[in-house]
Amino acid sequence: MNKTIRRASVFCLLMVLALLVRATWVQGYEAKALADDEHNRRNTIAQYAQPLGDIIVAGSPVTGSKGTSGGDLRYKRTYTQGELYAAVTGYSSQAYGATQLEGIHSDVLDGTDDRLKNPKDLITGGQAKPGNVLTTIDPGVQKAAYEALGDDKGAAVAIDPKTGRILGMVSTPSYDPSKISGTTDGDAWQKLLDDPDKPLVNRALRQPLAPGSTFKLVVAAAALESGLYGSVDERTDSPDPYTLPGTSTVLRNENASAPCENATLRTALQYSCNNVFAKAAADLGQDKVKEMADAFGFDTEKLDVPVRAAKSVYPTDMDKAQTALTGIGQFEVTATPLQMAMVTSALANGGELAAPHMVSSVTDGDGSVLEETEDGDTQRVVEEKTAEQLRSAMVTVVEEGTGTNAKIAGAEVGGKTGTAQNGVDNSNTPYAWFTSYAKDDSSGKEVAVAVIVEDSGSARSEVSGNGLAAPIAQKMMKAALER
C-alpha cells in the first residue's frame, strides 16, 4: 500500500470514529434535550396522536377531543362550557401551546408520562393510554361566580378553609379555549391578543392589584398579635383626620360622619376608618406589618395551586408616611384575589392557613392514582383568639357596617369591603373588593371568598366593595353552603 492510500485510509477511519462518537453523544446525552425541544414537531404529533385525557369537575369531564381531517395531528382539544372553566383549565392548542392545568399536566393528558406506561411501552417507546386530572372545583360555586361577574371585568376565588380546596375560580372577561385549539385559529388568537381587556390573563391568580381596605384585616391581625391593642374592642389612639407622619398630607375617611376618632378595631373595620389603620401601620412599623403579611402568603415566590400565582407584594424600604398608606392597602401593596381569599380563609379556620389547591388527584386511564394532593396541609398564621376576634369584627361589618350585601339567612357571614385607588392620583375607575367567609353551623360547611371588580362600567360615584363585589361574593358563598 503506498503512502497516499495509507493516509487516506487513516483519515477515513478517523472520520468514521468521529461520526460514531458524535452519534453516541447525541443518542446518549442529548436525546432528551432534542426530544423535549419545542421546535421538535414529533412532540406535537405525539401529543395529538390520540384523544387526550380529561380535566374532571365533580366527576364529569369539562374537556374532550375530536378527530381532525387532514394533516398529521389526528385529534384536537374540545371544551364543555369553555368560558366557564377557562380560568381553571387554560387551553391546549395545536398552534399556541398549553397553559394552566392543560400545560402543567400535559404529559399525563397526552399519554407521554412514563408513569402511564407498562414495561412493554417503556421498552418500545409506545404511547400509553392518557390519564386524567381531577379538580376540587364545585360546579355550583363556579357557575355562581361566573354568572354574578357577568360583563364586569374582574375575578373571584372561593376556598374551603378547612381543606384548602379551591371551590371556584373565575376571571372575566373569559374566552372559549375551543376556538384556539386547532392550527387554523389565527384570527381568533389575534383577536384575544388585541383585546384591551386581556381575556387570556387569569386575573384570579396572575394579576395582583392594590387591595385597598381589605388589607386592613392584615393590619388588624398584626396589631392584635403584636400587642399594640389587646382586643378588637379596645379604643385606639387614632386622631381623625390623621396627618401622615413627616408630611402635611391629611388622610381623611370616606364617611366624614363615621365615629372613627380613637375608634376600636371593630368600629374601624365596620366603618372602614382609614385613620385607624394608617396610624396602626405607622405605629407597628413596616417590619411587623410585613411579617404578618408574609405569614398570610404575601411575597411568596412560588405559590403553586398547582398553577403558579403571581406574587402578592408588601413593600419594603419605606418611610413612615408610606408605611401608613400601606395600612389602608395603598402605596405599593398588591394582592391577587387568591391571596385575599387566603387571608379570610386563615381567619375562618381558627388562624391556620390550609394550602390552597385546585387539583385533588391525577390518575392513569384506569383510575389508579398517580398523584394526590392532601387536604388540610396547614400552617398557623395567627393565634386562635386573634382569628376569633377578627371574625367577630367581620360579622359586625356584614351585619351593621359596609358589607351588608353579603348577608345570608341562617349563616354566619363576616367580611371586609375595599375600594382601591387606580391610576395616578386615582385618575382611573377605582377597584371594588370584597373578601369574606360564611359558615353554616347546621351542616358544618364553610367557605372563604375574595372578589375584585376592576371595571363594571359604573360611574365612579357608584363604585364600592359593598355595591359591586359583595353581591357576587354572597352568591358564591350561598352556592358553597348549599353544595
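Author: Let us begin with burial. The model is predicted. Tyr-91 counts as buried, because its relative accessibility of 9% is under 20%.

Reader: Is Trp-189 buried or exposed?

Author: Trp-189 is buried, its relative accessible area being 14%.

Reader: How is a pair of aromatic rings described?

Author: The description of such a pair uses the distance of the centres and the angle of the planes. In this structure the count comes to 5 aromatic pairs. For Tyr-91 and Trp-189, the ring centres are 5.7 Å apart and the planes stand at 80°, so this pair is edge-to-face.

Reader: Which parts of the chain does that pair link?

Author: The pair links distant parts, 98 residues apart. Tyr-91 lies in the loop between helix 4 (82-89) and strand 5 (92-93), whereas Trp-189 belongs to helix 9 (residues 186-194).

Reader: What is the arrangement of the rings of Tyr-96 and Trp-189?

Author: That pair is stacked, because the planes meet at 5°, which is under 30 degrees; the ring centres are 4.1 Å apart. Tyr-96 sits in the loop between strand 5 and strand 6 (97-98) and Trp-189 in helix 9, so the pair ties together parts 93 residues apart in sequence. Tyr-96 counts as partly exposed, at 28% relative accessibility.

Reader: Which residues form the aromatic cluster?

Author: Tyr-91, Tyr-96, Tyr-175 and Trp-189 form one aromatic cluster.

Methods. Residues numbered from 1 in each chain as written. Predicted model: local features only at pLDDT ≥ 70, side-chain atom pairs only at ≥ 80, totals over all residues. Heavy atoms only, no water. Phe/Tyr/Trp six-rings, centres within 6.5 Å; stacked < 30°, edge-to-face > 60°. Helix = DSSP H or I, 4+ residues; strand = E, 2+ residues; numbered from the N terminus. Buried < 20%, exposed > 50% of the residue type's maximum accessible area, 1.4 Å probe, protein only.
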